[in-house]
Amino acid sequence: MKYNRCGKSGLLLPQISLGLWHNFGSVDHFENGENIVKAAFDKGITHFDLANNYGPVPGSAETNFGKILKNNFQGNLRDEIVISTKAGYTMWEGPYGDWGSRKYLLSSLDQSLKRMNLDYVDIFYSHRFDPETPLEETMMALDYAVRSGKALYAGISNYNAEQTREATEILKRLGTPCLIHQVKYSMFVREPEAGLLDVLEEKGVGCIAFSPLAQGLLTDKYLTGIPENSRAFNPNGHLQLEEVSDVKVQKIIALNEIAKERNQSLAQMALAWLLKDNRITSVLIGASSVGQLNNNIDSLQNLDFSVDELKKIERILG
C-alpha cells in the first residue's frame with residue numbers, strides 16, 4: 001500500500017480507503033463485515049469511512065464498527081487507523097436531524113462517538129451543502145468539533161467548486177483548515193473535472209473519490225445483463241435500472257476490453273484511472289466480501305496508463 005499526503009497537511013491516507021456505506025448495517029452479517037475490516041487493515045488500508053446515517057438502519061454501521069474496533073483494535077491500534085464520519089443527510093425526525101445547522105452537526109457528532117465508543121474521530125465532514133443555513137455557521141461547527149477535541153480534522157463532501165472555495169476560505173480564517181473533500185467521481189461521473197479539482201489543488205485540500213465504480217457499473221457485473229443480486233435489480237438501491245442503458249452497457253463492454261489488455265479487471269482499471277491524477281489522495285471502495293476487497297486492492301499493481309490507452313478510454317466515454 002502506498003500512502004499519499006492529504007493536501008497540504010501532515011496526514012497520509014492510503015491510496016485505497018474502505019467505506020462502510022453498504023454491507024455493514026444491522027441487516028448485514030456482522031462477521032462478514034468484521035472479516036472485511038480486518039483483511040483491509042492487514043493489507044494496509046488504514047482509513048475507514050462512515051457517516052451517521054449508514055446502515056440500514058441509520059446509525060447501525062457506526063454501532064457495528066464500534067464493536068469491530070472493540071474486538072480488534074484495542075490500545076495503540078487506534079493510533080494506527082483513521083476514522084471519519086459525517087452529518088448532513090436525514091438522521092432523525094423533526095427540525096434538528098438534517099442539513100447543516102450547528103445544532104444538528106454537533107449533536108450528530110456526539111451520537112456518532114457514542115455509537116462507536118470513541119473519544120474522537122480523525123475526520124468530521126459536513127456531508128452536504130445546506131442552502132438554508134449560513135455557510136459560516138456550518139463551518140464554525142466544524143471548527144468547534146476540532147477545537148473541542150472531538151475531531152482532529154475537518155472535511156466537506158458534495159460541495160460544488162464555488163461552495164468549496166468559500167468553505168475553505170472560511171475555515172482558514174477560523175484557523176481550522178479544510179483537510180479533505182469527499183466527492184462523487186468515476187469514469188462515468190466527471191463533474192469534479194469542471195473546476196472542483198482545480199479549487200482543491202489551489203487551496204491545498206485533499207480529495208477522496210466515492211462511488212469510484214459508479215455503484216458497480218464499472219465492474220464485470222453488467223457485461224451480459226442485470227443479475228438478480230445486483231444493485232440495479234434492487235428497487236431500493238441507489239443504482240436505478242434505467243441507468244443500465246444499452247448505450248452504457250456498450251461502453252462498459254468496450255472499457256472491459258482495454259482492461260483485459262492491461263491484465264486488469266474493469267474494476268481495477270477504473271480505480272487505477274482515478275489514482276493516475278495526483279490530485280486524488282485516495283479512492284473510497286466498498287466491499288461485500290474479502291475476495292472483492294482483495295480484487296480492488298490489486299488495482300494498485302498497475303496504475304500507469306499509456307497515452308494511447310487514455311485516448312481510447314476518452315473516445316469510449318465520449
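**Loop residues and helix packing in a predicted model**

Asn263 sits in the loop between H7 and H8. This is a predicted model, in which local features require pLDDT of at least 70 and side-chain atom pairs pLDDT 80 or more, while totals for chains, interfaces and linings use all residues. Residues are numbered from 1 along each chain as its sequence is written, and side-chain values use heavy atoms, without hydrogens and water. Helices (H or I, at least four residues) and strands (E, at least two) are DSSP runs, numbered from the N terminus.

Asn263 has a phi near 60 degrees, a positive value in a residue other than glycine. Most residues other than glycine have a negative phi, and most peptide bonds are trans. Asn263 is exposed, with a relative accessible area of 73%. Exposed means over 50% relative accessible area, buried under 20%, and partly exposed in between (1.4 Å probe, protein chains only).

Gln264 belongs to the loop between helix H7 (246–261) and helix H8 (266–275). Gln264 is buried, at a relative accessible area of 8%. Its side chain makes a polar contact of 2.9 Å with the side chain of Arg262. A polar contact is a pair of N or O atoms within 3.5 Å; within protein, one must be able to donate a hydrogen and the other to accept it, and residues adjacent in sequence count only if both atoms are side-chain atoms. A polar atom of the Gln264 side chain also lies 3.0 Å from the backbone oxygen of Asn302. Neighbours within four places in sequence aside, Gln264 is in contact (heavy atoms within 4.5 Å) with Ala259, Met269, Ala272, Ser299 and Asn302.

Gln215 also has a positive phi, near 55 degrees. Gln215 lies in the loop between strand E9 (206–210) and H7. Gln215 is buried, with a relative accessible area of 10%.

Cis peptide bonds occur in another loop. Pro56 is found between strand E4 (47–49) and helix H2 (60–72). A cis bond joins Gly55 to Pro56, with omega about -10 degrees. A cis bond also joins Pro56 to Val57, with omega about -5 degrees. Val57 is likewise in the loop between E4 and H2.

Two packed helices are described by the angle between their axes and the distance between the axes. Axes are lines fitted to C-alpha atoms, for helices over the stretch in contact, and angles run from 0 to 180 degrees between N-to-C directions. Helix H4 (residues 135–147) and helix H5 (residues 161–174) have axes that come within 9 Å and cross at roughly 45 degrees. H4 and H5 are therefore oblique to each other. Angles under 35 degrees count as roughly parallel, over 145 as roughly antiparallel, 65 to 115 as roughly perpendicular and the rest as oblique. From H4, Leu135, Glu136, Met139, Met140, Leu142, Asp143 and Arg147 meet Gln163, Glu166, Ala167, Ile170, Leu171 and Leu174 of H5. The residues of this contact divide into eight nonpolar, one polar and four charged. Ala, Val, Leu, Ile, Met, Phe, Trp, Tyr, Cys and Pro count as nonpolar, Asp, Glu, Lys and Arg as charged, and the others, Gly among them, as polar.

H5 also packs with helix H6 (residues 196–203); their axes come within 8 Å and cross at roughly 15 degrees. That makes H5 roughly parallel to H6. Ala161, Thr164, Arg165, Thr168 and Glu169 in H5 meet Leu196, Val199, Leu200, Glu202 and Lys203 in H6. Four nonpolar, two polar and four charged residues make up the contact of H5 with H6.
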